Amino acid sequence: MGFLYLAFFAAFLYLVPVALLCRKIAIKTTAKMGWTMAFLLIVFPVVLLVIGGVVDARGAAS
């Protein structure tokens, strides 16, 4: 259970500065660029982690 708390703390430490950066980008450029950066910095790493977890779980199961 301690690992889960550590993972959430690390995610919080990552997401707060990234969200502020995306907001700053959106203010200085366009909202579309802000959403693009948000996708690349927030959603894309999550997708990669999920895919990696599925591949690892499939490898452990066989």
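A pocket is an open set of grid points with protein on both sides within 12 Å along at least five of seven lines. The model shown in these views is predicted.

**View 1**
The helices are H1, residues 2–28, and H2, residues 31–61. The C-alpha trace spans about 50 × 25 × 5 Å along its principal axes. The radius of gyration is 15 Å, whereas a compact globule of 62 residues would have one near 11 Å.

**View 2. The surface of the protein has an accessible area of about 5,300 Å².**
Carbon and sulfur atoms account for 80% of that surface. Buried residues make up 8% of the 62 residues.

**View 3. The largest pocket has a volume of about 210 Å³.**
Its lining consists of Ala7, Ala10, Ala11, Tyr14, Leu15, Ile42, Pro45, Val46 and Leu49. Both H1 and H2 contribute, each with at least two lining residues. H1 gives the largest share of the lining, with 5 residues.

**View 4. A nonpolar patch lies on the surface.**
Eight names to find here: Phe39, Leu40, Val43, Phe44, Val47, Leu48, Ile51 and Val55. Together these residues have about 700 Å² of accessible area.

**View 5. Phe39 is one of the residues of the nonpolar patch.**
Find Phe39 in helix H2. Its relative accessible area is 43%. Phe39 counts as partly exposed because 43% falls between the cut-offs of 20% for buried and 50% for exposed.

**View 6. Lys32 is a residue of helix H2.**
The relative accessibility of Lys32 is 68%. Lys32 is therefore exposed, since the cut-off for exposed is over 50%. Now look from Lys32 to Leu20. The two are 12 residues apart in sequence. In space, 15 Å separates Lys32 from Leu20, C-alpha to C-alpha.

How values were computed. Residues numbered from 1 in each chain as written. Predicted model: local features only at pLDDT ≥ 70, side-chain atom pairs only at ≥ 80, totals over all residues. Heavy atoms only, no water. Patch = residues over 30% accessible without salt bridge, like charges linked within 9 Å, V, L, I, M, F, W, Y side chains within 5 Å. Areas by Shrake-Rupley, 256 points an atom, 1.4 Å probe, with all protein chains shown as cover. Salt bridge = Lys/Arg side-chain N within 4 Å of Asp/Glu carboxyl O. Helix = DSSP H or I, 4+ residues; strand = E, 2+ residues; numbered from the N terminus. Buried < 20%, exposed > 50% of the residue type's maximum accessible area, 1.4 Å probe, protein only. Rg over C-alpha atoms; globule rule 2.2 N^0.38 Å. 1 Å grid on protein atoms, 1.4 Å probe; cavity = no way out; pocket = protein on both sides within 12 Å on 5 of 7 lines; lining within 4 Å. Points joined across faces, edges and corners; volume = space filled by probe spheres on them.
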